[in-house]
Amino acid sequence: MNDISRDREQFLEAAARYPEAFKRQLGSASRRGFLAAGVGLGAAGLLGACATKTAHSSAGSAGSGSGSSSAAPSEGKEGADKSDTEKIVNFSNWVSYIDVDPNDKNKRPTLDNFKAETGITVDYTEDVNSNDDFFAKIHQQLAAGQDTGRDLMVLSDWMIGKLRQMGYLEPLNLANIPNFKDLLPDTANPAYDPNRKHTVPWALGFTLMGVNLKSAGLTKDQAQQLSIKDMMTDAKYKGKVGYFAEMEDGVGFGLLATGADPAKFTDDQFNAAVAYIQKARDNNQIRQFTGNDYINDLTNGNYAMCMAYSGDIAQIDDPNIVWVVPTEGMLWFTDNMCIPAMASHKTNAEKFMNYMLEPKVGAALDDYISYIPSMQGADTAMKTIDPNALQNQLIFPDAATKAKAHEFQNLDLKTLDKYVSQFKDVTG
Amino acid sequence: MSAPALADEAAEALADGTTVAELRADKRVRRRRATLPYVLLAPGIIWLVVFFIVPMWSIVSTSVETGDMDTGFVLSWRWANFGDVWSQWHQQIIRSLEYSLMCTVFCLILALPLAYFIAFKAGRWKNLLMALVVAPFFTSYLIRTLAWKTILADDGWVVHAMNTLHITPLLSGMGWTYSDNSVLQTPFSVVCGMVYNFLPFTVLPIYTAMEKIDPRLHEAGQDLYASAWATFRKVTFPLALPGIVGGTLLTFIPAVGDYTNAVMLGGPKTKVIGTVIEQQMIGTGGNIPYGAALSVLLMVGTLVITLAYIKRAGTEEIV
């Protein structure tokens, strides 16, 4: 026991003094932990268990003081940057969130042009289905101070707030992102990441309703009159409603339906909104709680209507599927590019962020995915790319459309975790 | 070697006329013979330690740890974890047992006539039919389960046919589905998927047992004026029993832990314990000790049910 604690002391000291050697030390430490646990040749599950055990000592040893115990959030640790030697950036994004060549579905012009310009290959993976699930996927590695294998990821506003407060995001080096100054003023300083020290927006959009007209038995005009209340209580749609499992989206709609303001609500209003959703679930009104995987069920008629992200619906080439702003209003969201701690190609990721902030690149992307650009000059660039898009309310919303959209209240980590687990009891 | 021992050895050697050297060689052989079984057993023992004892210890010790993902988990022997998980998730545990029991019963109902037909009536088609039973395994489990989403889609012909035949209102009346014109995302669709996925595991052992039955026993039954049903009950069934017990166990045990069907074909009210464990271990739950405690509970529960079943079914050959 004494040996172990002395080892640990030495390890802590060394790690604090020689941060460069930290990674190698970590390697040997996890091997030691491995043997100490008496594992030898353990099975895969065991490897996971050991990783969390060593996580304990290594997270502490870095002297970062990350986690709930520290008062001020710390910054994500930087990994050794191999950007100079490896011209690659590993990018995790959501599905249907990038432009695809209409003639070849495997080609993504935005990424190909970036490679032509900089020589950096983007290894693009669509493995984000919901913020919660994705966080769960990388949490263990982040907690253990390990490289997640990702250099860049797109996550929503509230999850950025969570990761930032936990000290899992690397601060950006603005020298690599000269276009940063062109951000639209109203997107440059969000509450979840003050002054955008860690993030660059990927896209902005609305959480609204997607309707399958045939399955709902409605005309396009009738569908425009739909409310969240209709979706949640009308027996006509019983068992044919898809609902988002993510707290911010799900509870946001519940708050709107119960007459509260998602941007400013009390504990009681939160509880009422959750109870409202619980009731719809118990009555079998809600067929499924989903992440980003709702589109097939909407298009094949399993859902009459569902919660949806604006651009997803606009990308579906089917007159039977329409997007609807519920009469109670809809939600704003911002998805942001960020760099996880210990990423090994940080500079490349920052170069990519800079590239995405060029108006013509951003406009071309948003023209395809139908989300809202976040940089100045996108409208001018759009004139040459697709003048029709300037009239599209999902890409360049006017004041009237913006007035229907609500922000979601910025929450501290503790309240956020409490609300998330409370809502999880409903979604299962 | 001490002097008295040497004397003993010499005396021993003199007694039956062998030399001391011969005696020593003989002892070496005997010693080698004594260690040989252990050498031969070593691969098996190492295998058992690495793939059974160590994982077992790992899961049991993890189940009594405390902590959280960010500060790490420490072994604190907190047995109350088991009480916690039971009070929080007993519903899902019971639901898993219900679903897997239903799945096993339906599989048995389908597998018995199928295996009987293939074993006794299929003739030269026997091998082809067996190949067809196994054929689904050539496609990934996930893809096959996803395919059921298409088959049972609200706008699909299966659900339309069920509507026309008034089966869907019947199912929703029984509480197996939730609306009169759809079946997906309900307990019914989950059990359907499970029955489909586990059926080969029930059919194969029953078929193997039935195939070994001498058809002349059936003829003997007829000669003794037994009806077809009596022959089945008194001859075929008892002889096929080891296969039936094996098949139902091969279905029930993996079905208890299965959550693919519940996730893909189920809805918010069909959450099974496998999903909870997955969420706690690697998902949004993030409490690894709770996940481990649930796994241990599930393992012990399944073991108890299995032992009771085998004891009752009375086939010692299985255990």
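Biologist: Hi! What should I know about the numbering and the cut-offs for this model?
Modeller: Residues are numbered from 1 along each chain as its sequence is written, and chains are lettered from A in the order in which they are written. The model is predicted, so to speak of local features we need pLDDT of at least 70, side-chain atom pairs count only at pLDDT 80 or more, totals for chains, interfaces and linings use all residues, and side-chain values use heavy atoms, with hydrogens and water left out.

Biologist: Thanks. How many residues are in the largest nonpolar core?
Modeller: That core has 108 residues. A nonpolar core here is a set of buried Ala, Val, Leu, Ile, Met, Phe, Trp, Tyr and Cys residues joined through side-chain atoms within 4.5 Å, and buried means under 20% relative accessible area with a 1.4 Å probe, protein chains only.

Biologist: Which residues have the most contacts inside it?
Modeller: Tyr97(A), Trp202(A), Tyr243(A), Met247(A) and Phe352(A). The core draws at least three residues from each of domain 2 (88–198 + 339–357) and domain 3 (205–333 + 410–427) of chain A, with bounds from an automatic or database domain assignment.

Biologist: And what does Tyr243(A) touch?
Modeller: Leaving aside residues up to four places away in sequence, its partners include Met231(A), Phe253(A), Ile286(A), Met307(A) and Phe423(A). Contact means heavy atoms within 4.5 Å.

Biologist: Switching to chain B, what are its domains?
Modeller: Domain 1 (3–62) and domain 2 (81–313). Their centres, taken over C-alpha atoms, are 49 Å apart.

Biologist: How many residues are in contact there?
Modeller: Four from domain 1 of chain B and seven from domain 2 of chain B. The two domains bury about 400 Å² between them, 86% of it on carbon and sulfur atoms; buried area is the accessible area (1.4 Å probe) lost on putting two parts together, summed over both. On the domain 1 side, Met56(B), Ile59(B) and Thr62(B) lose the most area, together 89% of what that side buries.

Biologist: How much area do the chains bury?
Modeller: About 2800 Å², with carbon and sulfur atoms giving 51%. The contact takes 32 residues from chain B and 33 from chain A.

Definitions and conventions
Buried < 20%, exposed > 50% of the residue type's maximum accessible area, 1.4 Å probe, protein only.
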